[in-house]
Amino acid sequence: MPYTLPKLLFSYDALEPHIDAKTMEVHYSKHHRTYCDNANKFLAGTGWEEKPIEEVLKNLDKLPEDKRTPVRNHGGGYFNHNLFWTFLGGDSRSPSADVQGALDGAFGSMDAFREKFEAAALGQFGSGWAWLVKNDGKLEILQTANQDSPVSSGKVPLLALDVWEHAYYLKYQNRRADYVKAFWNVVNWNEVARRFTAAA
Ligand SMILES: [Fe+2]
């Protein structure tokens, strides 16, 4: 079965005014769809097209050599956006006690965590992502370029922020910092807690 776009669990305008409806519509129905279609195109005939995309991204070096880069880019784009939508919306606007405790332990405080995450999001030169991941049992913040995914290097994503211009340019133009600050108003902390527990 080819990959399909996951259903969005919120309406395009649900994140207003922090992430506007037009950006959500274009981001989901155009950008994400293109990654999905291209992931299917480049995986067809490789023997990997029936595997979950996360498994494919964990085994990029096993793909035919000419497919590794396009699958890393488009398969990564498909998977990263699948994740990203789950971290938005919902009605939990603060971390669970478990997650809060882990963030305090790893970064010192919620404010320090946010500051470090924002620095990763702002410091990513060009297109990419900021992540909170679990790596060897520890929480870490990292950046990835383009559509590289932390799962390809064995890390478990707990939160993600897309900092490609397509994620914010319609509303924020060059003001990535404003978009990054606004992100905290729409984080679905229930999903962070769910992944944190699953990764324990
Ligand atoms: Fe994106």
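Predicted model: local features only at pLDDT ≥ 70, side-chain atom pairs only at ≥ 80, totals over all residues.
Let's start at the loop between β2 (138-145) and β3 (156-162), because that is where asparagine 146 sits. What makes asparagine 146 worth a stop is its backbone: phi is positive, about 55°, although the residue is not a glycine. As a reminder, most residues other than glycine have a negative phi. And how exposed is asparagine 146? It counts as partly exposed, because 16 other C-beta atoms lie within 10 Å, and that label falls between the cut-offs of 12 or fewer for exposed and 20 or more for buried.

Now hop along to the loop between α6 (169-172) and α7 (176-183), where you'll find glutamine 173. Here again phi is positive, about 45°, in a residue that is not a glycine. Glutamine 173 has 11 C-beta neighbours inside 10 Å, so it is classed as exposed.

Stay around there for a moment and look at helix α6, which holds tyrosine 169. Tyrosine 169 is partly exposed, since 15 other C-beta atoms are within 10 Å. In sequence, tyrosine 169 is 153 residues away from glutamate 16, and in space the two are 15 Å apart, C-alpha to C-alpha.

That takes us to my last stop. What kind of peptide bond joins glutamate 16 and proline 17? It is a cis bond, with omega about -5°. For context, most peptide bonds are trans. If you want to find the spot on your screen, proline 17 is in the segment before α1 (21-43).

How values were computed: Residues numbered from 1 in each chain as written. Helix = DSSP H or I, 4+ residues; strand = E, 2+ residues; numbered from the N terminus.
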